Every structure is written in structure tokens, then in C-alpha cells.
Amino acid sequence: MTNIIKKLYQKNVWLPLVLLVFAIQLLVPGYMIFEQQQTLQYGELYKFKVRPIDPYDPFRGRYVVLSFEAEQNHIPLIEQDKDNYNYKRHAWVYANLSRNEKGYAVFDSVTIKKPEGNNYIRVKSGYYSVNKKLRVHIPFDRYYAPEHKALAIEANVQRRSRNNDDEVYVAVKIRNGKGTIEDLFINDTPILEFVELEQESN
Amino acid sequence: MDKRKIISVKKSRWLQSELVDWSSQGLISQQQSDEIQAYYRIEQSQDSTSNTSWTTGILVALGALLIGGGVIMLFAHNWEVLGKAARTFLSFLPLVIAQSLCLYTYRQRFTSVAWREASAGLTFMAIAASISLIGQTYHIYGDLERFVITWFALGLPLAYLMRSNLVLILLTALVVWLCTFQGDPYWLLFIAFVPLWIDFYHNQRNGTFYWSTWLATFGFALSIMLSAVYRDSPLSLYPIISLLLMAVAFYGLGKSIFGLTEMGFWRNPLASTGALGIGSFSLILSYGDSWVWGYSRLDLAYGFSFYLDALLIFVAFGIITWVLIRYWSRLYWYQRLLMLVSISAVFAILHFAQSYSSYSLLIIAMNLFILCTSTLIIIRAVELNRALLLNAGLIWMSCLILIRFFDSDIGILIKAFAFILIGSGFIAVNIWFSRQHNKSTLQNSEMAND
């Protein structure tokens, strides 16, 4: 074993290996960007109504945590899965999407297997109720904001999401079960613009 | 190939002073003295320099981590003025710089611990930074489990390629984190460290080696138990006894890997962690309540994790049996007893198979075990004149006595008798020991006079 490790440090072994490792280290974040760009470009647009709070994460700077109206209710499992579902919390399941009369995203049903088409997202399972309905958690739950604007955003979203006249939602592109946030809107104005306009008018 | 015999600095000092003495007495000539000196080589001549080198290594690495963290925060703060493209570029920048530093280190400074640790540590942190900065630019959701696993997978090769103990320590922290919040048996990731650890053991046993071994030992135990909490595994049904078994296995493994002779607390992380574990968990098991031995509910999820945990119990037994058989004649009685206490875990298995349900005998046996073993440790410590071992024995015994004194489950009368009995036994043992001790000193001095 020690001999194999010793060989690792010979120039003709070490250099190709390290270049490979470094390439992978760069490719992984690179692929993340690529995946997001693909989703933004080719994904299906859904609007999710939100109610947020704001914690502080030193690693990522400030962000607004989003909580969605679509996750407030228990969602029924599809008929085929009702009998063979082994409930596990925080496991990945798929939620089928549709739009309500106001055009906001709602979940129709939950499946264990990946559905066909593009109208579903991968979600984490929450509580399970006796009538075979499941609470789900939408994974794209953060809106990253510039440090000094996060508070203003949060205050606005808190106040306006409670007010029935204001529409607070996140535009999300959905592709292959994954969602990418396009932007956070208040009354169809992107949040950063909205906060700036509000600061100017004050 | 250097064929000189290797001796420690201490021995070499002794040898030199003796050589001077012998040649002055006329026992050997100056030439012979020189030849004898040339026959030996001081162990790890870089010992003192490597010590300073790894200390500098750690300090430089910590500095590098702080600088890396500062740069990331700077980026995070000035984020909104930059466009998406600029942000993406900046997300990759720390990683590319750190990687270049690794390449430079390999070319120019690979023998320097400081450079290796610093560049590897910086790259390790830069991986996390670039992933999370990109996550921030694209509002990628905070699935921390996936984030940490990616970080682990991308960082692990660095430990090998840069021979970095710092990265090993950081990876240990990641595994412990994964096991703290997730139910899956992520502790298996420790297997990925083993080849490098073996290599360090043979070729680079410096201060950071002991640090990372200590942390990995604790981290491994912590990871297994934490991840077991999430499932109904045999480990979480018998938590204390599983921990005791693991501690014994650690102890045996430490003794067989680092040597049976007492090498000091710090230099045998496995055996020391094991001994600490045996001490504390046996005290908990000596309590009169049966819950500390195991829960009686048997509704288990028989899946992969279950069989893995069950396998772990048998692996521990295997290690203990192997060490006991192989080293039996070379172990002192207290060491044998420390390992034999693992037999109590057999009862957990019997209980699991529902063929044993009475614990009162086990509790009495556990009390006797602590009493006997701690006494033997104290005797051994006095013989060896080792204060740490003596204190360990004394603390262990006093803890047992204190716990029993406040134990309300035992009737006062029985307690009184037991205390008198133990007290008398204690005094008797001490008197016997001091007599034996005096006798042997007397014999030694007589032999010296002869």
C-alpha cells in the first residue's frame, strides 16, 4: 500500500493525476452553471407565491429564505403509489405541477417514480398523513440578495405577502424536475428594482 | 542504503556520555568509541526541525484559510455591483489560484510541510467557496447534504496528492457533519482515509499525524453513533454497550498498531480514546437501571444499514479476540481485563435474540470489573512510577465509589456493608502491596551489594 502511495509522488504519475483532479474540481461548478443556464433557457415558467423569513448564512452572504404557498397543503399520492409507499422523511419524491385560476403554481399529486414530461419538480418529503397525503418541501428556497438590501427585501416581502392587494411571487424555470429561480417579484416588478424605487421615493 | 542502527536522541545522549566514561576508564580506545558512535544513527535526525516545520505548517495553513475566508467574504459583500459573468469568473478565481499554488509547491517546495499544508488547505476551502459562490449567483438551493458530499469528493484527492494532514482533519469534520444530520451510514467514508493514514504512520509521524489521528478516532466513534441514532439499528438499541465494545476494539487496535509498551497518552490516540471510553461507559453500565444496557423494543428496520451495524459489532469482536489471542502473554492483567469486559456485549446479543433478560448479575459484574481493574491499574502505575496511569486508576475507582454512594437503588444496610468490605479490601491490598514492594527493594539492594 505504502509503495503505491509512494509512486503517487513520481512526476509522471503525480502531474497527470493532479491535473485531472483540478480539472474535475473546476468542471463540477462549471457543470452547475451549465445546468442552471439550460434550465433558465429551456425550462417551463411557473410562478410560486411566497412568504419569506431571513436568516444569516456567513458562507453565502445574505439571502432571503422563501416559503411557498404551494407547500402549505398535504398533497395526495397518485393512485398507483398509495399501496406501495414506504414513508421516509426528507426523501426525494416528485410533485406534479399545474396552475390555479390566478396562474400560480400548485401541486396536484406526488409520485415516487419520475413522471413523464416537464411539469413536475423533485421535492423533499415532509409529514405524511393517514389519508395518504404528503407535505413536501420545495428545494429552491433561497433568494440571495446584496447584504444591505436583504433587510429591505425581507421587510417588503413580509409586509406585502400578508397584504391581499400585493402579489409576491418567485418566477421559476422548471426543467427535468429541477427548478431555477429567475427572480423574485412584487406586483410584477423585480424585487431589486422595487426596493430601489421605494428607497428613491422615500 | 544506510545500515546504521537507529536509536532515539535520549539513548544517543546516554551512549555518548557512557562512551566518554568507558574511554576515560580505559575500557575502550578512542577509535573504538568513534566506531561505536558511527554504528548508530539518531532516529529521524530532522525530529526537531520537523517539529518546528509542522508547527509552522499549521500556522501558515491557518493563515491561508483565514485569508481565503476573507477574500470570499469580500466577494460576497461586493456582489451586486458585478454582473453575472464577472461573478462567475470570480467564483473560479480563488480555486485556480489555490490550484496553481499546489503546482508550485510540488515543483519547488514539496518537502516543506508548511507549503504543502497551506496550498492543500487553501484549495480545499476554495472548492467550497466556488461552489457556494456559484450557488449564490444562481440562487441554487441550499441542499447542504449534497453540497458537503460534493465538497468531500472533490477535496479527498487533495489529501493524497498533497500529503496533507490538514485536509484529512477537515474531511473528518465533514464526515462527522454528514453523520450528525443524515441517517445514512456516511461513516463508511472513513475507509477512504485508511491508505493515506497507513502511509503517514510509516513515513510521516509528526505532530499533525497525531492530531489528525486523535480527531479521526473521535470523529469515527461520533459518526457511527450519531448516524445510528437516526435509525432503529442494533447500535441505537444498545447504545452504551455498543460504545463500550467500540472503545475496547479501539484500545486493542491501538495496542496492536502503536505497540504494547505504554507509549504515553498522546502518542497512542486509538488506545487512549479506547481507555477513556472503557472508563466512562463501564461506569454508566455499572448503574442499577436496566435502560442503560439496552431498550427492549425490537421493531427494527432490517435494511442495509441494519446489517452493516450488525457487521460492525462482529468486526469489533473479531478485532478484540484477535488482539487477545495474539498478545495474551504480553498483556498485563489490567489490560486483559480492559479487553475482556467486551464479553458483556455478548449479553446484548443474547438479549437481542430474546434469550436473556436479567441484568442484575451483569451490573454486579460490571462493578466488580471496575473495582478489580482500577486496583490493578493503580498497582501497575506504582510499579512503573507513572503518575498519569496512577491518577487514571484512582479517578476511575473514586468515580465508581462516588456513584455507588449516591445510588438510591441500593439499600443503606447493604451499601454500608459493601463500603466497609471494599474499604477493608482496599487497605489490605495497599498493605500487601507496600510489603511486596519493600521486599523487592530489599532483595534488589541485597543483590546490588553482592
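Begin by selecting A:Arg99, which is partly exposed with a relative accessible area of 40%, where buried means under 20% relative accessible area, exposed over 50% and partly exposed in between, using a 1.4 Å probe and protein chains only. What you have open is a predicted model, in which local features need pLDDT of at least 70 and side-chain atom pairs count only at pLDDT 80 or more, while totals for chains, interfaces and linings use all residues. Residues are numbered from 1 along each chain as its sequence is written, chains are lettered from A and ligands numbered from 1 in the order in which they are written, and side-chain values use heavy atoms, with hydrogens and water left out.

Helices (H or I, at least four residues) and strands (E, at least two) are DSSP runs, numbered from the N terminus.

Next, select A:Lys178 and A:Glu35, whose side chains form a salt bridge at 2.8 Å, N to O. A:Lys178 lies in strand 11 (residues 178-186) of chain A and A:Glu35 in helix 2 of chain A, so the pair ties together parts that are 143 residues apart in sequence.

Stay in helix 2 (residues 11-42) of chain A and select A:Gln38, which is buried at a relative accessible area of 18%. Leaving aside residues up to four places away in sequence, A:Gln38 touches A:Gly43 and A:Arg175, contact meaning heavy atoms within 4.5 Å.

Finally, show both chains and turn to the place where they meet: 48 residues of chain B are in contact with 44 residues of chain A. The two chains bury about 4200 Å² between them, 69% of it on carbon and sulfur atoms, where buried area is the accessible area (1.4 Å probe) that two parts lose on being put together, summed over both. On the side of chain B that touches chain A, helix 3 (47-77), helix 4 (84-108), helix 5 (113-137), helix 6 (144-161) and helix 8 (194-203) each supply at least two residues. How many salt bridges does the rule find across the interface of chain B and chain A? The rule finds 0 there.

Conventions: A salt bridge is a side-chain nitrogen of Lys or Arg within 4 Å of a carboxyl oxygen of Asp or Glu.
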